[in-house]
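Good morning, colleagues. I would ask you to turn to the charged side chains of the structure now on display.

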Amino acid sequence: MAGNLKKLAMCAVVAFSGVAMAQDAVESAPAQEPVKAPSADAVKTTWEYFYKGQGQGPVLVDAKLCTEVAKDGPNKFECIAEANPDSVKAGTNVMLWQSYLVPQGDSIEDLMIQVKQGNVVRETKDVKIKGEGWRSRQWTGVRLNKAGEWTVTVLRGDQELKSIKVKVL
């Protein structure tokens, strides 16, 4: 009987110490800024588009130049190191990180990333995304290997969705 009480006491110590450590971790985590809630109309419009907008194409929500995308953890698939488009060193590994809203079940295969140095197209890459969840994220490596003024553009067919000017040093 005494042996069982001793084992039970040890289990309680181990269990509660884990809770205490987890609580310490939560208390020591940095506070996040509050996020503004969207209007009810904005949420309804988004739901309608995701669930009933098949065939209407993607919505490009965000695109930015990144040097690192998280491979795991709470920021998985997020751009965690943004490149400064005013001063990218020639030859730096850069990706154009993109986030889309794609209607549920749709497959989009007519997106392209076009990279120009001045007016000269240096590279064009196809991008394919699917409406499998609220966000479709994609990152496409781009080569900015010479000093000068560059432009990285997201295109759907001949429609420009977003363009980023880049100064390569």
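Asp 62 is partly exposed, at 28% relative accessibility; this term covers the range between buried, under 20% relative accessible area, and exposed, over 50%, using a 1.4 Å probe and protein chains only. Asp 62 is the salt-bridge partner of Lys 64, with 3.7 Å between the closest N and O atoms. By salt bridge I mean a side-chain nitrogen of Lys or Arg within 4 Å of a carboxyl oxygen of Asp or Glu.

Please note that this is a predicted model, in which local features need pLDDT of at least 70 and side-chain atom pairs count only at pLDDT 80 or more, while totals for chains, interfaces and linings use all residues. Residues are numbered from 1 along each chain as its sequence is written, and side-chain values use heavy atoms, with hydrogens and water left out.

Which residues does Glu 123 pair with? One is Lys 125, where the closest N and O atoms lie 3.5 Å apart; Lys 125 is itself partly exposed, with a relative accessible area of 29%. Another is Arg 143, at 3.4 Å between the closest N and O atoms. This pair links distant parts of the chain, 20 residues apart: Glu 123 belongs to strand β5 (residues 120-130), and Arg 143 to the loop between β6 (136-142) and β7 (148-156). Strands here are DSSP runs of E, at least two residues, numbered from the N terminus. Arg 143 is exposed, with a relative accessible area of 55%.

Finally, a network of salt bridges links Glu 78, Arg 135 and Arg 137. Across the whole structure, the search finds seven salt bridges.

Technical notes
Helices (H or I, at least four residues) and strands (E, at least two) are DSSP runs, numbered from the N terminus.
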